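Hi there,

I am passing a structure on to you, with some notes on what turned up in it. Please have a look at it first and then read on.

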Amino acid sequence: MKAAVAVEEKLVRVLGDGGRVDQGKDPGLADRDLLTLYRTMLLNRLVDERMFRLQRQGRIAFYIGSAGEEAAIIGAAFALEDRDWVVPCYREFGAAYLRGFPLRDFFCQVFGNADDLIRGRQMPVHIASPRLHLLSVSSPVGTQIPHAVGLAMAARIRKLKEVTLVFFGEGATSEGDFHVSMNFAGVFKAPCVFLCRNNQWAISVPGTKQTAAESIDIKARAYGFEGIRVDGNDVLAVYTTTRKAVEKARSGGGPTLIEAFTYRQGPHSTSDDPRSYRGEEEVEEWKKKDPIARFRQYLEARKLWDEDRDMTLARELNDQILSTLKEVENIGPPPPETAVEDVYAEIPWHLREQREEIIRRAARQRQSWPR
Ligand SMILES: Cc1ncc(C[n+]2csc(CCOP(=O)(O)OP(=O)(O)O)c2C)c(N)n1
């Protein structure tokens, strides 16, 4: 913890205490954009809360959320254009939603039901959308980073002005994939922005055990490009920093590493209990720096927001979440025989045989255990 506190002073910040902002630092976003950011952050938080409850009730198998990290995720994604690419880790539902990923499709994926775009073949929350330039979520830590650099290089070779934004946690910076990717991106000036959500915990491993360096951003120097450390709970600071990095990448200036210093407020996923590895006091301290509450103060200071509007929005979003859930929860699983589809353009004989067998068994099971 000590190292983190010492370097907190050099964090890029826009939002000051009580919602105040220095004139020179305000990115000057239109009111509509500011409200979109707030709405998306709040939706993200409410979806997470609902999903954790659903998992505890045994209605979904697994969930992984982003409470506390919404500013780092949504602020960065807001700096992109539609033609750009997002290569997510597993906490970036907010970024996907911002790019137009429908809530219904997200819930269908979490249930792994027949309407899931990837037909139940991935872990819950592991979404993808080629249409929205959103690569598939990678569960293995750090494997998405070389994919992102490859994607960025492909865009450059094809002379497309598309930038790739890749998300990962600080734990991923201990993987070889991170270093290989950073080196390659530096040498070949890949139009890639590396966004490290330093939420200070890689499941039970604290940030202080992840690196002997004083921070993550300085690692970029060794690879010959810029690294910036930003307050990851300050949505406007994350947005302005990422915007500059994206513009630089688009104009041929090469990659940037952004370390968004933040905190994971909840468990790693529905599968762990963080009380076994970190103190409640630490969590409470970070909840006081909540990114949504902080942004709300700014909106209130600008007279764009108040208590009434907040309650109305929360009610509206919760209604939307509940009605979408109601719509998708009983859709049921994809037919089992679809397991062998989408692998080959034409299903080969051995998979055709297995497909027939699956259909026969499923019919027998339906007779023994009607739904
Ligand atoms: C290669 C690999 N090793 C271990 C795991 C198990 N694992 C899943 S998430 C995780 C922690 C990752 O932490 P970090 O990169 O900081 O991201 P965060 O979860 O904090 O967002 C680990 C160790 C894995 N999925 N892949």
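**The ligand and its surroundings**

The shell around the ligand is made up of seven nonpolar, five polar and four charged residues (Ala, Val, Leu, Ile, Met, Phe, Trp, Tyr, Cys and Pro count as nonpolar, Asp, Glu, Lys and Arg as charged, and the others, Gly among them, as polar). This is a predicted model, in which local features need pLDDT of at least 70, side-chain atom pairs count only at pLDDT 80 or more, and totals for chains, interfaces and linings use all residues. Residues are numbered from 1 along each chain as its sequence is written, and side-chain values use heavy atoms, with hydrogens and water left out.

In total, 16 residues surround the ligand, and the closest are Tyr90, Arg91, Gly171, Arg197 and Trp201 (a heavy atom within 4 Å).

Some polar contacts (N or O atoms within 3.5 Å) may interest you:

- A ligand nitrogen atom lies 3.0 Å from a backbone N or O atom of Val141.
- A polar backbone atom of Trp201 is 2.8 Å from an oxygen atom of the ligand.
- For His268, a side-chain N or O atom is 3.3 Å from a ligand oxygen atom.

The protein buries 71% of the 580 Å² that the ligand exposes when taken alone (Shrake-Rupley method, 1.4 Å probe).

**Aromatic pairs**

The whole structure holds 15 aromatic pairs (ring centres within 6.5 Å; planes under 30 degrees apart are stacked, over 60 edge-to-face, the rest tilted). Tyr63 and Phe106 have ring centres 6.4 Å apart and planes at 70 degrees, so this pair is edge-to-face.

Best wishes

How values were computed
A polar contact is a pair of N or O atoms within 3.5 Å; within protein, one must be able to donate a hydrogen and the other to accept it, and residues adjacent in sequence count only if both atoms are side-chain atoms. Rings of Phe, Tyr and Trp (its six-membered ring) pair if their centres lie within 6.5 Å; planes under 30 degrees apart count as stacked, over 60 as edge-to-face and the rest as tilted.
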